[in-house]
Amino acid sequence: MKAEELDKLFDDGEDISPYLDLSSIRHPNRQEIKGVNVDFPTWMVESLDAEAKRAGVTRQSLIKAWIAERLEQQDS
């Protein structure tokens with residue numbers, strides 16, 4: 001199907017989803033996520049948990065924010 005035909009169907013209010021390949025669709029601003037495992041000593045986890053609680057965020061969010069800050073400093 002040509003783009004002009006698809007445009008006309010869309011403009012006419014037709015359902016064009018059968019003509020779309022949604023198997024590889026990606027959000028334009030979403031970064032791919034890759035998990036990593038890191039082992040910390042117990043005292044460090046406890047300190048992270050206390051700081052996360054104080055900041056009102058999860059431990060994972062705190063760690064990501066701190067690492068992002070450090071990486072941004074390295075780029076400067």
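After H1 comes glycine 13, whose phi is positive, near 80°. The model is predicted, with a mean pLDDT of 91 for the protein and 100% of its residues at 70 or more. Among the elements, H1 has the lowest mean pLDDT, 92, while helix H2 (residues 42-55) has the highest, 97. Helix H1, covering residues 3-11, has nine residues, and the number of these that are buried is zero, so the helix lies largely in the open.

In the loop between H1 and H2 sits leucine 20, which counts as partly exposed at 39% relative accessibility. Together with Leu22 and Ile25, Leu20 makes a nonpolar surface patch of about 300 Å².

Charged side chains come next, and the structure holds three salt bridges. One of them joins lysine 8 to aspartate 12, with the closest N and O atoms 2.8 Å apart; lysine 8 counts as exposed at 51% relative accessibility, whereas aspartate 12, at 48%, is partly exposed.

Because arginine 54 and glutamate 51 are three residues apart in helix H2, about one helical turn separates them. Arginine 54 is exposed, with 63% relative accessibility, and glutamate 51 is partly exposed at 23%.

A further salt bridge brings together the side chains of aspartate 49 and arginine 59 (2.6 Å, N to O). This pair links distant parts of the chain, since aspartate 49 belongs to helix H2 and arginine 59 to helix H3 (residues 59-75), 10 residues apart. Both partners are partly exposed, aspartate 49 with a relative accessible area of 32% and arginine 59 at 37% relative accessibility.

Technical notes:
Residues are numbered from 1 along each chain as its sequence is written. Side-chain values use heavy atoms; hydrogens and water are left out. Buried means under 20% relative accessible area, exposed over 50%, partly exposed in between (1.4 Å probe, protein chains only). Helices (H or I, at least four residues) and strands (E, at least two) are DSSP runs, numbered from the N terminus. pLDDT is the predictor's confidence in each residue, from 0 to 100. Patches are made of residues with over 30% relative accessible area and no salt bridge: like charges are joined within 9 Å, nonpolar side chains (Val, Leu, Ile, Met, Phe, Trp, Tyr) within 5 Å. Accessible areas come from the Shrake-Rupley method with a 1.4 Å probe; for residues, only the protein chains shown count as cover. A salt bridge is a side-chain nitrogen of Lys or Arg within 4 Å of a carboxyl oxygen of Asp or Glu.
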